[in-house]
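Subject: Structure handover

Hello,

Here is the structure for you to look through. Please open it first, then read my notes beside it.

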Amino acid sequence: MAVYTQWSNEKIAALLERSYGLAPLACAQGIAQGVENSNYLLTVGAGAAETNYILTLYEKRVNPADLPFFLELMQHVARGGVACPQPIVRRDGALFGIEHGKQAALVSFLHGQSRTQFAAPQVAAVGETLGAFHCAAAGFAGQRANTLSLAGWQGIYAKLAGRLDEIEPGLEALVHDELDYLAQHMPQLRGLPAGVIHADLFPDNVFFEGDAVSGIIDFYFACVDALAYDVAIALNAWCFDPQHHFSADCSRALLSAYQKKRVFAAAEVAAFPTLLRGAAMRFLLTRAHDWLHQDPAALVRPHDPREYAAKLRFHQQVKAPGDYGL
C-alpha cells in the first residue's frame with residue numbers, strides 16, 4: 001500500500017456518498033506502506049455506527065482489465081474460509097469504477113496488525129494460511145498470467161542495464177549472470193502443480209491478532225503460476241532475519257505448516273532451490289526499478305533491493321532442498 005495520488009477529505013467524502021451511498025466521512029488517512037497503489041484508511045459514520053474501509057486508487061502497474069480477477073478472487077477465497085478484505089459493491093452494482101480519472105475500489109477493513117518481528121510460531125501460521133489460500137483458490141475460474149515471471153524479469157533488466165552498480169557495486173554482474181542461469185533452468189519447471197497464487201505474501205500483507213493470522217491483504221499481484229513459486233516468495237519474505245541471514249527454524253516451520261493443508265509433490269521439492277533464486281530475482285529487479293525511479297512527490301518508501309541481492313547470493317550457495325528443511 002502507498003499514496004501516489006493525494007485526495008482531499010472533501011473529494012473522498014463526495015465519492016463515498018455518490019458511488020456507495022456512505023456518509024458521513026469522519027476521517028481519511030493516507031497509508032504509506034507498500035509501493036504499488038494509493039490507499040486510504042477511511043472512517044465513516046460516528047459512534048456505534050462508525051465503520052472503517054480501505055479506498056484503493058489503482059496506479060501505474062495495475063491493468064484495469066485485471067481488476068475483476070483480483071476483486072472476485074477475494075470474494076472467492078473468503079467463501080473458502082480465508083480471511084481477507086471484501087469489495088464493497090457500488091451503487092451501480094460494480095466492484096470498482098473510475099473516480100476523477102482513477103480506477104478505484106472500496107474494500108472492508110481487516111482487523112489485526114502486521115508484524116515487523118516474528119519467529120517460527122508466527123511463520124508457521126503464515127505457512128498454514130498460504131496452504132489454505134491455495135486450497136481455497138483451487139476452484140476459482142479466473143485466469144491471469146504472471147507478468148512478472150522470467151520474461152518480465154528480463155524486460156525490467158533491459159530497462160536498468162548499466163545502472164545497477166549505482167545501487168551496489170557488483171550488482172550488475174550478479175543480475176546479468178543470474179538471469180542467464182534462470183533462463184536455462186526456469187523453463188524446466190513449467191510442469192509443476194499450478195494454480196492461483198498470491199505472489200506478494202510479505203509481512204506487511206499478513207495481519208495478526210496475537211500469534212494467529214487474522215487475514216491477508218493486497219491481492220494485486222495474484223495470478224496463475226506454480227504453487228511452489230508462491231511458497232518460495234513467502235519463504236524469502238519470512239525466513240531471513242533483519243540482517244538477511246537465513247533462519248532454518250523459520251523455514252522448517254513455514255514448509256511444515258503449509259503441508260498441513262497441501263503436501264508438496266516430489267518435483268516441487270526438487271525445484272525449490274531454483275524457485276527461491278527466481279523469487280529473489282523478481283523482487284530484486286522490481287525494487288531496483290523503484291529505487292532508481294523514485295517519485296519525490298509520492299508518500300511512499302521504496303524498498304531496498306540490496307536485501308534481495310543478499311538473499312539471492314545465499315540461494316546460489318544452496319545445492320539441495322534439504323537445506324531448507326524439506
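Asp92 counts as exposed, because its relative accessibility is 55% and the cut-off for exposed is over 50%. Keep in mind that this is a predicted model. Asp92 forms a salt bridge with Arg90. The closest N and O atoms of that pair are 3.4 Å apart. Arg90 itself is buried, with a relative accessible area of 12%.

Arg18, Arg90, Asp92 and Glu99 are linked in a network of salt bridges. Side chains of opposite charge can pair when their charged atoms come close.

How many salt bridges does a search of the whole structure find? It finds 15. Two others are worth a look.

Start with Arg144 and Asp66. They form a salt bridge, with the closest N and O atoms 3.0 Å apart. Arg144 lies in the loop between helix H3 (120-137) and helix H4 (150-160). Asp66 lies in the loop between E3 and helix H2 (67-79). The pair therefore ties together parts that are 78 residues apart in sequence. Arg144 counts as buried at 11% relative accessibility. Asp66 counts as buried too, at 18%.

Now turn to Arg277 and Glu178. Their closest N and O atoms are 2.8 Å apart, and they form a salt bridge. Arg277 sits in helix H8 (residues 266-292), and Glu178 sits in helix H5 (residues 171-185). This pair therefore ties together parts that are 99 residues apart in sequence. Are these two residues buried or exposed? Arg277 is buried, at 9% relative accessibility. Glu178 is buried as well, with a relative accessible area of 1%.

Phe314 is found in helix H9 (residues 306-317). Its relative accessibility is 27%, so Phe314 counts as partly exposed. What does Phe314 touch, leaving aside its neighbours within four places in sequence? It is in contact with Phe240, Phe246 and Tyr324.

Next, the sheet. Five strands form an open sheet, in the order E1-E2-E3-E5-E4. The pairing is antiparallel. Strand E1 (25-30) and strand E4 (97-99) are the edge strands, and each pairs on one side only. From one strand to the next, the twist averages 35°. Strands of a sheet pair through backbone hydrogen bonds, either parallel or antiparallel.

Look at one pairing in detail. E4 and strand E5 (residues 102-108) pair in the antiparallel sense over three bridges. Gly97 stands opposite Ala104 in E5. Helix H1 (residues 9-20) packs on the sheet. H1 touches E1, strand E2 (38-44), strand E3 (51-57), E4 and E5. The direction of H1 makes about 120° with that of E1.

Last, helix H6 (residues 227-238). H6 has twelve residues. From its first C-alpha to its last, H6 reaches 17 Å, close to the 16 Å expected at 1.5 Å a residue. Why is H6 described as largely enclosed by the rest of the structure? Because twelve of its twelve residues are buried. Among them are Leu227, Tyr229, Asp230, Asn236 and Trp238.

Best wishes

Methods. Residues numbered from 1 in each chain as written. Predicted model: local features only at pLDDT ≥ 70, side-chain atom pairs only at ≥ 80, totals over all residues. Heavy atoms only, no water. Helix = DSSP H or I, 4+ residues; strand = E, 2+ residues; numbered from the N terminus. Expected span 1.5 Å × (residues − 1). Buried < 20%, exposed > 50% of the residue type's maximum accessible area, 1.4 Å probe, protein only. Pairing = 2+ DSSP bridges. Axes fitted to C-alpha atoms, helices over the stretch in contact; angles between N-to-C directions. Contact = heavy atoms within 4.5 Å. Salt bridge = Lys/Arg side-chain N within 4 Å of Asp/Glu carboxyl O.
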